[in-house]
Each structure stands twice: as C-alpha cells, then as structure tokens.
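Here is a short tour of one protein model, written to be read with the structure open beside it. Let's take a look together.

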Amino acid sequence: MLVFQGEFDLKLASGMSHWARSWGFAANQQFEQAVSEARAAVALVPRSARAHYTLGHMLAQTGQTAEARRELQAALSRTQLSPAGYYSSLLPSIQKDLAGN
C-alpha cells in the first residue's frame, strides 16, 4: 500500500473555478455576482493574469472603471512576467478592454 504524506496546493484549481463561475454569472447579466467570484479568484491566485483580467472585465461591466483599469493593468503586467506565449490568447482581450476604459 502507498501512502501520500504531502500536500496538494489547489489554489489555482479553485481560482479557475471562481473565474469560470464569474463568466457564467456574466453570461446571465449577473455582474455583481460575477465581480464577487472574480474577487475570490484574485484572492486565491493573485499572480494570475487571467484572474485579474476577469475581475477587471467584470468591474468594467458594473461601471467601476477606475478599479477595472487597475485590474486590467495588473493583468497586463502579469502577462509580461510569464513565459513567452503563455498568455498569448488573453493579451488581445486585455488590450481591448484597456482601450475601452
């Protein structure tokens, strides 16, 4: 019998779950709930560009443009800290949202 005596860090998986729920709420025009889920994602994985982008996008949808811009800038800076190409599919969305705010 094998016994594992370590730890699993599930913060990223949990964060992904929160940002996925955020987009689900947004699809139903429930932006306050979307913001709440996105905030939870950022709290769990603060170095994630996708979590910050999701929060920024949802904040923009609720008219909180100053905070949205800060989160989008945070997402952009995190894409630059990541390996080349890691966030290549996210970068155009960040740039588009920044241009709109």
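The notes below cover an aromatic pair, a residue in a helix and a pocket.

## The aromatic pair

Keep in mind that this is a predicted model. It holds one aromatic pair. The partners are Trp 23 and Tyr 53: their ring centres are 6.0 Å apart and their planes meet at 25°, so the pair is stacked, the limit for stacking being under 30 degrees. Because Trp 23 belongs to helix α1 and Tyr 53 to helix α3, the pair ties together parts that are 30 residues apart in sequence.

How exposed are the two partners? Trp 23 has 31% relative accessibility and counts as partly exposed, whereas Tyr 53, at 8%, counts as buried.

## Thr 54 in helix α3

Helix α3 spans residues 49-61 and includes Thr 54. Thr 54 has a relative accessibility of 0%, so this residue counts as buried. Which residues does Thr 54 touch, leaving aside its neighbours within four places in sequence? The contacts are Trp 19, Ser 22, Trp 23 and Ala 38. One of them, Trp 23, is also a member of the stacked pair.

## The largest pocket

Now for the largest pocket, with a volume of about 150 Å³. Its lining is made up of Leu 12, Met 16, Trp 19, Ser 48, Arg 50, Tyr 86 and Tyr 87. Five of the lining residues are nonpolar, one is polar and one is charged.

Helix α1, residues 11-27, gives the most to this lining, with three residues.

How values were computed
Residues are numbered from 1 along each chain as its sequence is written. This is a predicted model: local features need pLDDT of at least 70, side-chain atom pairs count only at pLDDT 80 or more; totals for chains, interfaces and linings use all residues. Side-chain values use heavy atoms; hydrogens and water are left out. Helices (H or I, at least four residues) and strands (E, at least two) are DSSP runs, numbered from the N terminus. Buried means under 20% relative accessible area, exposed over 50%, partly exposed in between (1.4 Å probe, protein chains only). Contact means heavy atoms within 4.5 Å. On a 1 Å grid over the protein atoms alone, a cavity is a set of points where a 1.4 Å probe fits but cannot get out, and a pocket is an open set with protein on both sides within 12 Å along at least five of seven lines; lining residues have an atom within 4 Å of a point. Grid points are joined across faces, edges and corners, and a volume is the space filled by probe spheres set on the points. Ala, Val, Leu, Ile, Met, Phe, Trp, Tyr, Cys and Pro count as nonpolar, Asp, Glu, Lys and Arg as charged, and the others, Gly among them, as polar. Rings of Phe, Tyr and Trp (its six-membered ring) pair if their centres lie within 6.5 Å; planes under 30 degrees apart count as stacked, over 60 as edge-to-face and the rest as tilted.
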